[in-house]
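I opened my notebook to look up pockets today.

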Amino acid sequence: MKPQALATALLLVSLGAVLGVLADRTLLPRSRANAVRAAAKGTSTQPLPALARPPASRVGTATFEVEPPAPPPSAAAFSAAFAAALREPNPEARLAKLLDLAERVVPADVPQVIQLFQQLGRRDERDSLLSTLLTRWAGVDSTGALHFAQQLPRPAERTAAVSAVLEVWATADNHAALAWAQALPPGSARNEALQTVLAKLADQNPAAAFAALTKSGLTSPNSGLTEAIFLAWAGRDPATAAPQALAQLPPGRQRDSVLQLIASTWAASDAPAAAAWLKEQPDSKGKREMVQNVASELAATDPKAAVEL
C-alpha cells in the first residue's frame with residue numbers, strides 16, 4: 001500500500017473511534033434519564049395511602065371536634081328539662097340529668113327553680129339536687145340561700161341545707177359566717193352551724209379557729225372539732241400546735257388524743273424534730289403512745305435514734 005493511502009486509512013479509523021466515543025457519551029445518559037423519568041412517571045400515577053400523605057393533602061379522613069358545653073338553661077328551659085328528666089326510667093341516669101341541670105343553671109335563677117326539688121320522691125335525688133342548687137345560690141346570695149334552707153320543713157333536709165350554704169359562706173367570708181352562727185340561740189342548730197364554720201376557719205387560721213371554739217363553749221370531746229382544729233394546725237405549724245395543746249387543753253383523754261395526732265402529723269413531715277420535742281416531755285402513758293408512732297417514722301431515716309427514743 002502506498003504511504004499516502006495508508007495515512008488516509010489510519011485517519012479514517014481514528015475519526016471513527018472518536019465519533020463512537022462521543023455518541024456513547026451523548027446518547028447513553030439520555031437513554032438512562034428517559035428510563036428514570038419513565039419509572040418515575042409510572043410510580044407517580046399511584047396515589048399514596050392517606051396516612052402516608054402530608055395532613056394537608058389527605059382527603060376523606062375523619063375529623064373530630066369537641067362539642068362546646070351546653071349553654072345555661074333559663075328558668076323556663078330548666079323546668080322543661082326537669083320534667084323530661086323525671087321521665088327517665090333509670091335512676092342513675094335520671095340523677096345524672098338532674099345534677100347536670102343544677103350545675104348549669106345560672107345562680108341568679110336558682111330561686112325560681114329550686115322548689116322543683118319537692119317533686120322528687122327519692123331521698124338521694126332530693127338531697128343531691130337541693131345541695132347543688134343551694135351551693136350555686138349561696139355563691140351569689142348567701143343570705144337568701146340561708147333563709148330558704150332554714151325554712152325547709154324536714155329537719156334532716158334543713159340541717160344538711162344550712163350546712164351546705166354555710167360552707168360556701170364561710171369559705172368566702174368566714175368572719176361574717178362565724179358572727180351569724182354565734183348569734184344563734186343555744187341549741188343543736190347553733191352547735192352544728194359553729195362546727196361547720198369553725199371547720200372551714202381551721203383550714204385558714206387554726207389559732208383563730210381554736211380561740212373561737214373556746215369562746216363558743218363547744219369543747220366537748222364528742223364534737224371532734226378540737227381534734228380537727230389541732231390536726232389542721234399540726235399540718236401547718238406543729239412546733240406551735242404541740243405546746244398550745246399542752247397549755248390550752250386540760251389533762252385527760254382528749255388532750256392525749258390531740259397530742260397523738262400532732263405527733264403523728266409532725267413525724268410524717270419532720271421525724272427528727274418531732275422526736276426532739278417528744279424527748280423533752282415528761283414520762284406518761286400518752287408520751288409512750290406517741291413514742292411508738294414517732295419512732296416508726298424516724299426508723300426509716302435514723303434507726304439508731306429511733307431505738308434510743
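I began with the second largest pocket, where α13 gives the largest share of the lining, four residues. My model is a predicted one, so local features need pLDDT of at least 70 and side-chain atom pairs pLDDT 80 or more, while totals for chains, interfaces and linings use all residues. Residues are numbered from 1 along each chain as its sequence is written, and side-chain values use heavy atoms, without hydrogens and water.

I noted that a pocket is an open set of 1 Å grid points where a 1.4 Å probe fits, with protein on both sides within 12 Å along at least five of seven lines; lining residues have an atom within 4 Å of a point. Helices are DSSP runs (H or I, at least four residues), numbered from the N terminus.

Thirteen was my count to check: the second largest pocket has 13 lining residues, with L246, R255, D256, L259 and S284 nearest its centre. Two or more of the lining residues come from each of α13 (253–279) and α14 (285–298).

Next I turned to the largest pocket. Its lining has 14 residues, and R158, T159, V162, A189 and E192 lie nearest the centre. Helix α7 supplies the largest share, six residues, and α7 (155–172) and α9 each supply at least two.

Then I looked up S188, which sits in α9 (residues 188–204). Is S188 buried or exposed? I wrote down exposed, because its relative accessibility is 54% (exposed is over 50%, buried under 20%, partly exposed in between, with a 1.4 Å probe and protein chains only).
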